[in-house]
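Good morning, and thank you for coming.

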Amino acid sequence: MENLRDAVVDLVYLVCAVVIILGLKRLSSPRTARSGNQLVAAGLLVAVGVTLLDPHIHWRPANIAVMLIGTVVGAAGSIYLARVVPMTAMPQMVALFNGMGGATAALVAVAEFQRFVASGAVTAGERVSVAFGTTVGSVAFTGSVIAFLKLQELMTGRPVRFPLQIPLNVAVVAGIVAMWAWLLGFAGSSASVWIMFGLALLFGILLVLPVGGADMPVVISVLNSMTGLAAAAAGFVLENQILVVAGALVGASGSLLTILMSRAMNRSLANVLFGAYRTRAAGAAVAEAKPIRETTVEDTAVLLAYANLVIIVPGYGLAVAQAQHELAELANELEKRGVEVKFAIHPVAGRMPGHMNVLLAEANIPYDKLYEMEQINEEFQRADVALVVGANDVVNPAARTDPSSPLYGMPILNADQAKNVIVLKRSMRPGFAGVENELFHMPQTRMLFGDAKETLKRLVEAGKSV
């Protein structure tokens, strides 16, 4: 009977793994992302359910209590956050959830090692899995917490550096390596795992502190990949096939996304994580000495109404203002007048991959009007107007011209090549990278200051009377 139950559990795990893979495949397109997310959730739900049928589970009252409490608290917290967290805060919520996954994997590895030691037999494979899961999961946890604090602006988004930072990092890494050697080579005790756990938590903090806000999307992808790998290691520790598969899929997809994001920024991963150690502090801002030209809603409405091609560049400021519906209405009004409207999406616009795509999809903007950077950049030369709504770093020409800029080398949207540039912005405050934007001072650029949502509403009304 027990063999039959094992066979059933393994078969259902296999089916769930296939469902999860198909769901992840559907996440690659905005058109199928919703159903893909539902497929993955269904596969994981069935996998969790069938795990309870595993004949090797010891059903002690304490175990049942922990599972029930965890399920209730997790479900209630998730439902609450899904209702109250705005779209603008979604990146930091993802970072926080990602950190929880890493912490769980690390704690499972530590707890299982205690059980192995108590049973008196720990294999070499189990030691490797415990060491890997503990280290990677802990780094993912504290690194994600720092990413959350930076994104939530509870701490500075600028790179954080302090005296003896590099020697401290080296010492922490050396300590982790020593604990690995003790655990794997000399059958280390529980103390070695706890020390490894503490050092890895510290290293996660030290790893993300020097990373600037502009690079945070890449960091989130890296940490997501690390959480997946830690979960896979926990699967080996627990001898649970579906956890290995799911963790490996998350790790692989996070790694691929990291590669794509790094390429989009024309940066290596090493440069993203450690580039701050080689850069000097930015000099004082000199924006006051550079001219800016302001415009009005009425003048902008006329310029847009008589344009042939308008390219809209959305950014994080659009999300903050929750102005996606007003932007969609403006685009519709322009198209009624025969104006061609396109949306230019930078790979790292917003604060996480796909942020702008999801935001614009909320406003029912057709997917075929959203163009990736490689598709749209040549179009700016023939655009009559580039309308920049809340974007900053992704249109900063300093990325091409200023070797001292932290953005240097990052491919940008060529908004500066349009005949006219209108920038909707609250103030002249720098973007998330903390550097001045040369685009704002160019002769073809006009600044339209104010809340994006209210400004777009006024533009729609003014456009109707043109």
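Lys457 is partly exposed, with a relative accessible area of 37%; buried means under 20% relative accessible area, exposed over 50%, and partly exposed in between, using a 1.4 Å probe and protein chains only. What we are viewing is a predicted model, in which local features need pLDDT of at least 70 and side-chain atom pairs count only at pLDDT 80 or more, while totals for chains, interfaces and linings use all residues. Residues are numbered from 1 along each chain as its sequence is written, and side-chain values use heavy atoms, with hydrogens and water left out.

With which residue does Lys457 form a salt bridge? The partner is Glu454, and the closest N and O atoms are 3.8 Å apart. A salt bridge here is a side-chain nitrogen of Lys or Arg within 4 Å of a carboxyl oxygen of Asp or Glu. Glu454 is partly exposed as well, at 42%. Because they are three residues apart in helix H17, Glu454 and Lys457 are separated by about one helical turn. Helices (H or I, at least four residues) and strands (E, at least two) are DSSP runs, numbered from the N terminus. Elsewhere, salt bridges that share partners join Glu340, Lys342, Glu379 and Arg382 into one network.

How many salt bridges does the structure hold? There are eleven. One of them joins Asp416 to Arg400, with the closest N and O atoms 2.8 Å apart. Asp416 lies in the loop between helix H16 (398–401) and strand E5 (420–425), and Arg400 in helix H16, so this pair ties together parts that are 16 residues apart in sequence. Asp416 is buried, at 14% relative accessibility, whereas Arg400 is partly exposed, at 35%.

Let us turn to the aromatic rings. A search of the whole structure finds one aromatic pair. The ring centres of Trp194 and Phe197 are 5.8 Å apart and their planes stand at 90°, so the pair is edge-to-face. By definition, rings of Phe, Tyr and Trp (its six-membered ring) pair if their centres lie within 6.5 Å; planes under 30 degrees apart count as stacked, over 60 as edge-to-face and the rest as tilted. Both residues belong to helix H7 (residues 190–208). Trp194 is partly exposed, at 44% relative accessibility, and Phe197 is buried, at 15%.
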